[in-house]
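Q: Could you show me how to read a strand sheet, and then a whole chain, in this structure?

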There are 4 protein chains.
Amino acid sequence: MRSPARLRIPPVAPDEALSMRYQLVRQTTRTLAEPLSEEDCALQSMPDASPVKWHLAHTSWFFETFVLAPHDPGYQIFDPAYRVLFNSYYNAVGDKHPRPERGLLSRPSLEDVKAYRAHVDAAMLNILRAGVTDSALHALVELGLQHEQQHQELILTDVKHLLSLNPLRPVYHASWPLTPVQGSDAAWQGFDGGLCQIGHGGAGFAFDNEGPRHKVWLAPFELATRPVTHGEFQQFVEDGGYQRPELWLAAGWDHRCAEHWEAPAYWHRLDGRWHSFTLHGLVPLDPHTPICHLSFYEADAYARWVGARLPTEAEWEIAAQCAGGPENFLESAALHPMPAQVPPEPGTLGQMFGDVWEWTRSDYAPYPGYQPWSGAVGEYNGKFMSGQYVLRGGSCATPGSHIRVTYRNFFPPQARWQFSGLRLARDASHGSEG
Amino acid sequence: MRSPARLRIPPVAPDEALSMRYQLVRQTTRTLAEPLSEEDCALQSMPDASPVKWHLAHTSWFFETFVLAPHDPGYQIFDPAYRVLFNSYYNAVGDKHPRPERGLLSRPSLEDVKAYRAHVDAAMLNILRAGVTDSALHALVELGLQHEQQHQELILTDVKHLLSLNPLRPVYHASWPLTPVQGSDAAWQGFDGGLCQIGHGGAGFAFDNEGPRHKVWLAPFELATRPVTHGEFQQFVEDGGYQRPELWLAAGWDHRCAEHWEAPAYWHRLDGRWHSFTLHGLVPLDPHTPICHLSFYEADAYARWVGARLPTEAEWEIAAQCAGGPENFLESAALHPMPAQVPPEPGTLGQMFGDVWEWTRSDYAPYPGYQPWSGAVGEYNGKFMSGQYVLRGGSCATPGSHIRVTYRNFFPPQARWQFSGLRLARDASHGSEG
Amino acid sequence: MRSPARLRIPPVAPDEALSMRYQLVRQTTRTLAEPLSEEDCALQSMPDASPVKWHLAHTSWFFETFVLAPHDPGYQIFDPAYRVLFNSYYNAVGDKHPRPERGLLSRPSLEDVKAYRAHVDAAMLNILRAGVTDSALHALVELGLQHEQQHQELILTDVKHLLSLNPLRPVYHASWPLTPVQGSDAAWQGFDGGLCQIGHGGAGFAFDNEGPRHKVWLAPFELATRPVTHGEFQQFVEDGGYQRPELWLAAGWDHRCAEHWEAPAYWHRLDGRWHSFTLHGLVPLDPHTPICHLSFYEADAYARWVGARLPTEAEWEIAAQCAGGPENFLESAALHPMPAQVPPEPGTLGQMFGDVWEWTRSDYAPYPGYQPWSGAVGEYNGKFMSGQYVLRGGSCATPGSHIRVTYRNFFPPQARWQFSGLRLARDASHGSEG
Amino acid sequence: MRSPARLRIPPVAPDEALSMRYQLVRQTTRTLAEPLSEEDCALQSMPDASPVKWHLAHTSWFFETFVLAPHDPGYQIFDPAYRVLFNSYYNAVGDKHPRPERGLLSRPSLEDVKAYRAHVDAAMLNILRAGVTDSALHALVELGLQHEQQHQELILTDVKHLLSLNPLRPVYHASWPLTPVQGSDAAWQGFDGGLCQIGHGGAGFAFDNEGPRHKVWLAPFELATRPVTHGEFQQFVEDGGYQRPELWLAAGWDHRCAEHWEAPAYWHRLDGRWHSFTLHGLVPLDPHTPICHLSFYEADAYARWVGARLPTEAEWEIAAQCAGGPENFLESAALHPMPAQVPPEPGTLGQMFGDVWEWTRSDYAPYPGYQPWSGAVGEYNGKFMSGQYVLRGGSCATPGSHIRVTYRNFFPPQARWQFSGLRLARDASHGSEG
């Protein structure tokens with residue numbers, strides 16, 4: 001049997017750059033928590049979500065457990081109890097505090113957790129400034145930064161879920177990013193398919209689940225030039241889309257009935273008009289922004305209603321080579337999908353990256369020849385490869401430096417609290433109708 | 001049909017005294033919250049418990065809703081949203097925020113709630129200092145104070161439950177109140193029974209459920225001179241009491257199996273010795289303190305194991321006329337049951353008041369001729385008269401000024417998070433064996 | 001400690017009579033199963049109910065386990081596996097097949113169970129015909145017969161529940177017993193109360209829970225001269241009784257909401273008119289028959305709506321000394337409550353026995369001085385004394401020879417599948433308004 | 001948008017042949033029910049399973065609803081209530097009796113259902129003997145027969161589950177089919193992969209989900225020459241396979257913990273030796289028979305333990321072109337997987353068809369260009385395409401005439417009550433170690 005894959009080493013990256021990146025990433029996390037009170041940071045609104053305080057601690061735990069404790073002989077463990085408290089799911093590391101009870105921990109306090117972060121940062125910068133020559137160590141630091149960026153997105157989506165349940169409708173950030181635009185129709189862009197290659201194979205960091213690079217055969221297909229918008233999805237709602245089982249997968253329909261879904265997550269009907277709860281408060285739906293907070297089931301039902309389908313992840317990845325236009329990531333601070341300002345250039349696809357994660361019809365499965373990383377970090381991705389679907393392209397809550405064309409995000413088909421939307425696909429023979 | 005009962009008016013109480021009492025009671029609540037952080041106050045550890053912040057707000061809501069809004073024309077509602085947020089269970093007042101979601105409210109902040117308290121206090125003192133001549137209003141203020149005292153006890157028991165779930169075993173108050181004592185055996189005190197009277201009938205405040213005063217016939221009975229202790233209960237545990245269904249009521253046994261009870265709540269076995277989690281941290285069991293944190297089912301099983309039984313509430317109330325000795329209430333600040341320092345005087349019963357609530361075998365039912373209060377406060381007690389058992393005498397977490405010989409506390413038979421213990425009873429023919 | 005109570009010995013009953021009674025009771029059970037197919041007898045419609053086949057076997061198991069195995073040295077156990085399969089709840093006898101899985105047993109077949117009954121009957125008659133001189137044995141046989149009569153009622157109520165869930169609305173017995181009558185208003189009958197005695201104390205069989213006979217003090221009270229009828233209850237339904245929380249106990253209201261109760265069990269609205277599912281099929285409500293299939297909560301809410309209350313079991317038992325008029329028991333074969341044909345004689349109460357069990361407001365608790373029987377049959381009653389309410393008087397599905405004035409039936413407050421109704425009570429001072 | 005696919009028409013099949021096949025298939029169903037009593041046929045052991053009586057009725061309902069009612073003007077509906085009672089999941093047909101309540105129907109009786117079958121058979125044979133010239137009708141009859149064959153397998157697996165829960169361990173069929181054999185080691189058979197074609201494309205019946213035929217690219221791979229056996233899987237159990245989370249997918253481990261799995265379904269440890277419950281009763285494990293009653297999660301964990309993996313369905317289908325050796329289907333009446341009698345011929349794979357369904361690592365998804373059938377039968381397959389995995393090859397309970405190399409069976413990953421096992425796969429570079 002072959003050895004498991006090892007963490008990839010990024011290309012010659014000057015250590016100064018690594019220490020600088022470390023500080024930038026860590027600072028971003030702190031910035032995201034700034035508008036929140038101790039109480040906002042302590043609560044857990046559902047088992048799928050975690051308190052912000054837990055995210056702040058767990059991302060530090062990751063550096064302490066995988067970098068400092070094994071590689072820095074002089075490192076002093078901050079608090080031995082944290083090893084269990086802030087372990088997310090690594091069986092190889094030992095016991096874990098039960099996930100649904102993360103919101104029962106009023107201690108350690110937010111202040112304690114901030115002290116923990118400072119303690120870890122000091123030790124990390126000590127190492128990084130001295131220069132990291134061990135490539136395995138380098139790779140683990142890089143992984144820790146990528147990991148922290150994933151939790152930056154979760155901080156935003158988890159706190160959005162928490163605030164959404166509060167009848168006072170609290171606002172995370174008051175300034176509203178949208179300026180009125182004229183919408184434009186989506187068009188179809190065709191692709192020839194054939195024998196293609198997808199997956200990560202070159203230099204630079206990638207998660208183990210993005211490789212190995214491999215061949216796939218694709219029939220000719222077409223993708224929409226932009227994601228489906230709130231306005232388009234509203235037509236589905238108003239056409240009775242949530243009352244017509246023939247449009248839904250059976251498991252999706254069961255879910256819809258059990259959960260009484262009548263519209264996407266965070267939608268509210270006030271005075272005869274649809275509104276949606278955002279990180280900027282409750283606002284009227286903007287018809288031109290990409291639809292978000294859909295489950296896979298809703299995305300799939302919408303596509304069926306239109307007479308189209310979701311793309312496979314291979315189709316998406318091949319098509320993404322034609323991506324163009326502006327990208328709305330975390331760095332834009334919009335914290336909400338933005339409308340396309342202009343139609344994409346001919347031959348390009350707009351908004352492939354940023355704005356909303358795009359559900360694909362591909363289940364989250366190992367690529368041919370996939371091997372998880374060795375050691376405890378081998379639990380990072382591989383063991384979740386059942387019962388989930390792949391999303392592509394990042395969202396308005398994803399750090400832009402975190403995303404790649406080969407990046408595979410994954411969630412269960414019923415998950416709705418991410419910025420998840422869709423882009424339509426269809427088989428190529430529709431050409432003339434596009 | 002007779003009119004429903006009205007709130008009793010306390011005997012001529014100078015208004016100055018009422019305003020003084022108001023300040024003392026409200027100050028006590030603030031004092032209880034002082035050792036707690038914003039995060040401690042925000043969390044809800046189970047649906048039966050509420051966040052401390054919620055208790056702080058709800059007790060103010062009670063004055064705002066039942067005193068200020070209807071009786072003070074110049075009163076400015078602090079925040080209209082609070083009417084729903086902090087309504088506990090009054091259908092007559094309107095909608096209620098769902099009880100299991102009290103722990104999802106990071107807003108209003110603890111600071112907001114403190115401002116709410118100050119706002120209500122200012123308006124209340126305005127009224128009270130002007131002098132309350134309307135006896136109905138006087139009664140409502142009194143009810144608000146009694147209500148707040150009940151929530152003082154819940155603040156302590158709810159936060160104890162929350163802290164108990166934290167693997168860090170946080171301490172609410174560090175100083176440990178116990179000094180070593182010699183235990184003494186319990187004895188039996190006999191009572192003749194016959195045609196007796198129980199229930200509240202005289203002057204002074206009482207809840208509607210304590211009346212009317214009425215006749216009951218009691219066969220001769222005996223009560224133990226003190227509550228069962230931790231040491232005595234430990235013998236039950238070690239005799240396999242939790243593995244022998246013949247000692248338990250069927251519903252209790254089902255509960256024990258479903259919840260995997262092997263000992264009272266908060267007991268932990270460390271290094272071969274039983275400890276218990278207290279508001280002062282995890283401590284070794286003290287054999288001479290009254291046992292607490294028992295469900296009705298465990299109290300009943302213990303009594304059966306001994307060959308005795310629980311008293312009825314009528315027996316308890318008649319016997320309580322012979323109560324003597326020191327009383328350990330909230331004011332003693334022990335926050336834990338204390339051992340009897342000396343055996344009670346002959347003919348008296350020790351520790352009838354304070355230390356631990358004593359389960360009776362009486363279900364919580366209306367007394368003959370009972371009428372709930374009129375208006376919304378009629379929901380205070382009467383509608384809970386099914387599926388619960390009566391406890392008597394108050395505990396170490398009860399304000400001493402809150403308790404009476406006729407006071408009826410009530411909880412479902414499976415509840416364990418109160419300071420609930422037991423005192424043994426038996427029929428009188430056992431005289432010579434006592 | 002006193003010894004536990006022993007089974008009462010019935011007064012000198014000639015053995016021939018016992019063997020005759022044995023045959024009559026056993027034959028009645030067979031008769032009740034006759035209209036049912038193998039399939040009807042095999043199914044279990046909810047955990048509270050049991051398959052008819054299980055009842056047929058369990059009642060034989062009772063004689064085998066408590067009479068034949070210990071007292072007949074020559075008895076051959078029919079099948080050792082049945083000891084576990086048909087044990088209902090006797091921990092002292094050993095393991096039990098889980099109650100909710102009684103409906104998963106296609107084997108033994110109904111035919112096997114009938115053979116089991118014949119085997120037990122042959123052995124029992126052998127003993128009985130030889131003459132039973134041992135009074136303890138005599139008492140156990142008597143208990144077995146009383147036990148079988150209880151299961152006769154359960155056969156009818158359990159199969160009614162099963163058939164009610166079948167969209168084909170099958171009929172247990174086709175002939176409809178009702179003939180039209182004119183209804184008459186209920187009146188109030190007053191009782192002086194004072195120091196009374198209730199409970200079983202004399203000769204003749206009684207369950208342990210009916211004793212000891214003891215004194216109770218009753219304030220003056222009044223009882224309605226007949227039970228509440230379907231027509232009266234329909235007014236409650238139509239007055240919004242199921243939508244007004246102020247009429248309900250809190251636990252009852254929670255139950256109503258969770259279970260979406262909008263009317264009593266088995267009511268269906270067809271073409272604008274209320275019908276009810278009976279053992280004779282779906283029929284329009286007859287306004288003059290006593291209401292049945294109420295939970296305690298619904299009975300209590302109805303009484304509150306009227307401005308009355310439920311009687312205590314002591315009130316009921318004292319009043320039952322004035323019972324008069326015809327009695328509709330199982331033997332009448334109506335299998336449905338019947339209307340009062342004529343108003344009761346002055347000074348008497350109609351329909352106290354038979355027709356419908358009457359909910360009391362008394363929780364099912366031990367009488368003062370209660371001791372359960374010794375041995376395994378001590379589990380018969382005592383261990384169920386929590387969380388249930390007492391019903392009195394028997395129903396149209398109760399064998400008439402099974403009931404007594406001291407008889408205490410008991411069910412949880414949410415149970416609705418018995419023939420359970422109510423009779424109103426109130427305090428006596430209402431005299432002139434009655 | 002293209003029209004949905006239509007039911008395929010089988011190649012010129014003489015109508016006489018169709019009427020003959022109809023009779024044979026329907027007779028097989030009756031034969032399978034013969035060893036069962038009315039009671040066996042009425043019970044439902046879990047929501048996933050259905051009573052045998054329901055299967056007997058539903059397969060007739062299928063012909064009545066999709067063939068007779070729309071195509072035979074003279075057809076008399078047997079009972080209008082059956083349209084709802086025996087609808088499995090066709091929303092287009094209307095209401096459905098709730099699946100978990102199929103076991104609450106004692107009526108219609110088994111005899112009624114047999115009469116229903118006879119009524120449908122008479123009408124069907126009337127049509128078939130007259131000759132079916134309409135190709136759409138022909139296709140629907142064919143679909144009805146294929147459908148009935150699927151339910152033949154479910155009759156066996158559902159009744160096995162029911163009998164397994166009975167402490168009496170009833171036997172479906174007494175004669176035990178196994179004769180002792182010597183086991184032989186599995187070997188690896190290599191495949192080149194490359195650009196291949198899978199899926200149904202030719203003549204003959206196939207389900208819509210088997211097409212269209214399409215290209216896939218496969219890397220070189222190897223498959224084991226026979227399925228994993230009971231003896232091999234026992235080593236996994238004894239190596240602690242059920243206690244080692246690192247071998248499991250995360251969702252599988254959660255399932256294992258929640259369900260307390262310690263071995264495959266139906267395994268029991270008696271007197272220190274593993275036994276398994278079969279349709280022939282409880283028997284000691286035969287080490288040489290293919291392992292069955294595994295969930296996807298267990299199959300996957302076993303493969304990981306060995307250092308191999310599950311095949312994809314494309315790999316399986318390509319490899320199945322080299323299938324050889326005897327096939328153990330329903331027709332062999334073994335009703336249990338059988339050991340390989342001899343090692344497969346060089347270059348062939350043994351036991352690819354029959355014995356046990358083989359889990360693949362492919363989720364059940366639409367093939368490129370997939371279109372469901374038009375009309376109500378379009379609900380047959382497509383709407384289940386989420387959350388399930390594909391199994392290939394048929395089992396000892398599958399009719400041999402029902403299976404094809406392109407046949408895609410599918411179940412949720414936690415399902416264990418089918419005859420589901422596995423065959424190992426690995427990437428081809430292992431060549432020299434095989």
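A: Strands of a sheet pair through backbone hydrogen bonds, in either a parallel or an antiparallel way. In this predicted model, chain D has an open sheet of three strands in the order E1-E4-E14, with antiparallel pairing; strands (E, at least two residues) and helices (H or I, at least four) are DSSP runs numbered from the N terminus, and two strands pair if DSSP finds at least two bridges between them.

Q: Why is one side of strand E1 and of strand E14 of chain D left without a neighbour in the sheet?

A: Strand E1 (188-191) and strand E14 (425-427) of chain D stand at the edges and have a single partner strand each, so one side of each lacks a neighbour in the sheet. Neighbouring strands of this sheet are turned by 25° against each other on average, direction ignored, with axes being lines fitted to C-alpha atoms, for helices over the stretch in contact, and angles running from 0 to 180 degrees between N-to-C directions.

Q: Over how many bridges do E4 and E14 of chain D pair?

A: Strand E4 (residues 221-224) of chain D pairs with E14(D) over three bridges in the antiparallel sense, and Leu223(D) stands opposite Ala425(D) in E14(D).

Q: What does the secondary structure of chain A come to, and how much of chain A is buried?

A: Chain A has ten helices and 14 strands. Of its 434 residues, 60% count as buried, meaning under 20% relative accessible area, with exposed over 50% and partly exposed in between (1.4 Å probe, protein chains only). The C-alpha trace of chain A spans about 65 × 55 × 40 Å along its principal axes.

Q: Which conventions apply?

A: Residues are numbered from 1 along each chain as its sequence is written, while chains are lettered from A and ligands numbered from 1 in the order in which they are written. Local features need pLDDT of at least 70, side-chain atom pairs count only at pLDDT 80 or more, and totals for chains, interfaces and linings use all residues, whereas side-chain values use heavy atoms, with hydrogens and water left out.
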